[in-house]
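Please walk me through this model, taking the packing of a helix pair and then the geometry of a strand pair.

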Amino acid sequence: MDVSQASTECTTVLEAIGDAVICEQEFLEEILVGVVGRGHVLLEDVPGTGKTLTARSVASALGLSFSRIQFTPDLLPADVTGTHVFNERERSFEFNDGPIFANIVLADEINRAPPKTQAALLEAMEEGQVTTDGETRQLPDPFFVIATQNPVEQEGTFPLPEAQVDRFLVKTSMGYPDEDGEVELLRRRAGRETTSPSIETVLSPEQVDRLRRVPESVRVDEDLLEYVAALARETRVDGRVEVGVSPRGTQRLFEAARAYATLVGREYVTPDDIKRVAHPVLAHRLVLTPDATVNDVAKASVIDGVLESVPVPTVQAENATPR
C-alpha cells in the first residue's frame with residue numbers, strides 16, 4: 001500500500017465514522033493518527049458526548065474486534081487480563097481471556113480504577129502482551145487502546161500516573177457539538193429505531209495492518225528531525241514546566257507527524273504537519289510547576305509558546321507540493 005492509497009482509505013474511514021458521530025473533523029483525525037501511528041488515545045471529556053460511540057464506530061469502520069471495560073474502584077487486574085478457571089470435565093485449569101484480548105479496547109473512565117488495575121494496561125499498551133501467573137500471552141494484532149476519563153468528577157478517582165499518561169500517543173477532547181450539530185444529532189435519532197447508529201465496515205484487519213505500515217515510508221528531512229528535537233527540548237527549559245517532554249515523547253511526535261502526513265496523502269513531512277499534531281501529542285506529557293498550576297496555566301499555552309519560540313525550518317522547493 002502506498003501513501004496515496006492509504007490516504008484514500010483514511011478518508012473513507014473518516015466519512016464512515018462521521019456518518020454516526022457528530023463531532024469536529026479534527027477530533028476524528030487525531031484518533032486516526034493514533035491508529036495509523038501505532039499508538040493509543042486518551043479522551044478526556046464530560047459524560048454523554050459520545051466517546052463510547054466513537055470508539056465503537058472506529059472499530060466497526062476498521063473491521064476490528066471491540067471490547068469495552070468499565071473501570072470501577074473494585075475492578076481487579078484479572079478482570080482486565082483474564083484468569084484461570086477450573087474445568088471439571090478436563091480436571092485442569094484453563095485460561096479464560098479477559099476483555100483486553102480485542103483489537104480495539106475501550107478503557108472507559110480509566111481513572112476510576114485503582115493504580116494496580118491501571119497498571120495492568122501498561123504491559124499491554126507498550127508490549128502488545130499480558131503476563132498472568134508467569135505466562136506471557138500475545139494480544140491480537142493490531143491492538144489499540146482508547147481510554148476515557150472524566151475531568152469534572154474527582155471524588156473516588158485515581159489520577160493516572162505520569163508514566164502511564166506518557167504511553168498515550170494522543171490525548172484529545174471531543175467537546176460539545178455546536179447548535180447545528182446537536183440538532184442534527186436529534187434528527188438522526190428520530191430517523192431510526194435503535195439507540196446506536198449502524199456503522200459501515202470499510203476496511204479489513206489485513207488492510208488496517210498494511211495501513212499502519214505506510215508511515216514508515218514517509219520521509220522526514222534532517223532539518224525537521226532537528227525541529228522535532230528542538231520543540232521537545234524547549235519544553236524542558238520553560239520556567240512554567242517542572243518536567244518537560246521525555247525522549248519517548250520526542251519519538252511519538254515524530255511518529256504522529258508521519259501518520260498525519262499519511263492521512264493527507266503526502267510522502268514527506270512538513271513543519272505544518274508537526275505543528276498540527278504538537279498539541280495532542282505533547283501537552284499531556286508536561287508536568288507544570290506548582291506556581292503554574294496555582295495560576296491555572298494551561299498546558300496548551302505552554303505548547304503555543306514553544307511553537308512560537310522555536311524557528312521553523314524552510315521547506316525545500318521540491319517539497320512544495322504533494323507528489
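In what follows, a helix axis is a line fitted to C-alpha atoms over the stretch in contact, and angles run from 0 to 180 degrees between N-to-C directions. The structure itself is a predicted model. Two packed helices are described by the angle between their axes and the distance between the axes. For helix α10, residues 247-263, and helix α11, residues 271-282, the axes come within 9 Å and cross at roughly 130°. Because angles over 145 degrees count as roughly antiparallel and those of 65 to 115 as roughly perpendicular, α10 is oblique to α11. The crossing in which α10 passes α11 is right-handed.

On the α10 side, the contact is made by Gly249, Arg252, Leu253, Ala256, Ala257, Tyr260 and Ala261, which meet Asp273, Ile274, Arg276, Val277, Ala278, Val281 and Leu282 of α11. The residues of this contact between α10 and α11 comprise 10 nonpolar, one polar and three charged.

Elsewhere in the chain description, strand β6, residues 129-132, pairs with strand β7, residues 135-138, in the antiparallel sense, over four bridges. Within this pairing, Thr131 stands opposite Thr136 in β7. The two strands, β6 and β7, form a hairpin with two residues between them, and in the turn Asp133 has a positive phi of about 55°.

How values were computed:
Residues are numbered from 1 along each chain as its sequence is written. This is a predicted model: local features need pLDDT of at least 70, side-chain atom pairs count only at pLDDT 80 or more; totals for chains, interfaces and linings use all residues. Side-chain values use heavy atoms; hydrogens and water are left out. Angles under 35 degrees count as roughly parallel, over 145 as roughly antiparallel, 65 to 115 as roughly perpendicular and the rest as oblique. A crossing is left-handed if the near helix is turned anticlockwise from the far one by less than a right angle, and right-handed if clockwise. Contact means heavy atoms within 4.5 Å. Ala, Val, Leu, Ile, Met, Phe, Trp, Tyr, Cys and Pro count as nonpolar, Asp, Glu, Lys and Arg as charged, and the others, Gly among them, as polar. Two strands pair if DSSP finds at least two bridges between them.
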